[in-house]
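Student: I have a new structure to read. Where do I begin?
Tutor: Take a look first, then we go feature by feature.

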Amino acid sequence: MNKIGIIGNPLSHTLSPNIHDSAIKHFGLDLSFEKWELEKKELKSFFLNAKKNNVVGGCITVPHKENVLEYFDLYDDSVKRIGAANWFKIENDRIRGFNTDYIGFEKSIPENILNNLSEINCVVFGSGGSAKAVVEALFLKNAQNICIINRTFSKAEEISNKYSNSRISSQKLDSIDSVKSELKTADLIINTTSVGMGSGPQPDGNLLKNYELKNNVTGIDLVYSPKKTPFLKNISEFGGQAINGIDMLIYQAQAGFKILTDNNCPFEIMKSALKLD
Ligand code: ATR
């Protein structure tokens, strides 16, 4: 039987198997979905042996969205633009990378924000593969200002420099005064880091702690487990709109499943598999 699956580490929190098993069942496909919890050094052998092991494709999550690129033969335009991949497909003997995160992120933005992005100040925490996709989506939608804040400043700077656009700036996470003034005027704040992830190293961490926010701020946390992260609790405390990463997860999965199987799985089929209350 052909296999698809998810590459990442850790994978204890992942809901992708539930989502894709429901889609496979919905279409009656002869396909299994596996979890591939791999170290960076194991990626090479995984991709070398993928075809032999009946792997036809899969999705990629933290921390490998950039690490996988060197093992691909072909790159979809989305990967070329963003510099990270969250899906791969084996086409004959060649591995092609795709990015559907930017589609998933855009679809998860509430309409009142999406339709007014040209007047919206955005702050993006993190500078990994997910942040790159989020910045690309915001850039394509003409967000007024995008400030990328990261612990390792050089990575934030690298993303903002790529756009050579004055609307996109970068800050170091521990530059308290600069971060303070960015957050004070931010209308949309996105957490793409693993801070606050239940299975991560800092489940109680919150990058917004001690900062003042606008009372009509919208916060999107790409973390979806727990459903209400410390970041989102903080947004709610300021009276803002708090959105977790579930919808983005499903929308990126929908687009990836379509790439691999050519089937359009309804959103509700995937969502009901998560048994959310
Ligand atoms: P993804 O592919 O999901 O973007 P990633 O590439 O591993 O995952 O990126 C994780 C991001 O979370 C990085 O920006 C990382 O900051 P560094 O670039 O400084 O490593 C950020 N991150 C992870 N743990 C963090 C922490 N404890 N505090 C602040 N940022 C953190």
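Tutor: Start with a definition: a residue is near a molecule if one of its heavy atoms lies within 4 Å of it. The model is predicted, so local features need pLDDT of at least 70 and side-chain atom pairs pLDDT 80 or more, while totals for chains, interfaces and linings use all residues. Residues are numbered from 1 along each chain as its sequence is written, and side-chain values use heavy atoms, leaving out hydrogens and water.

Student: Which residues come nearest to the ligand?
Tutor: Of the 18 around it, Ser127, Ser130, Thr152, Lys155 and Gln202 do.

Student: Which side chains have polar atoms by the ligand's oxygen or nitrogen atoms?
Tutor: A polar contact is a pair of N or O atoms within 3.5 Å. Ser130 has a polar side-chain atom 2.7 Å from a ligand oxygen. For Lys155, the distance to a ligand oxygen is 2.8 Å. Gln202 lies 2.3 Å from a ligand nitrogen, again through a polar side-chain atom.

Student: How much of the ligand does the protein bury?
Tutor: Accessible areas use the Shrake-Rupley method with a 1.4 Å probe. Alone, the ligand exposes 650 Å², and the protein buries 85% of that.

Student: What classes make up the shell around the ligand?
Tutor: Ala, Val, Leu, Ile, Met, Phe, Trp, Tyr, Cys and Pro count as nonpolar, Asp, Glu, Lys and Arg as charged, the others as polar. The shell has four nonpolar, ten polar and four charged residues.

Note on methods:
Polar contact = N/O pair within 3.5 Å; in protein donor to acceptor, adjacent residues only side chain to side chain.
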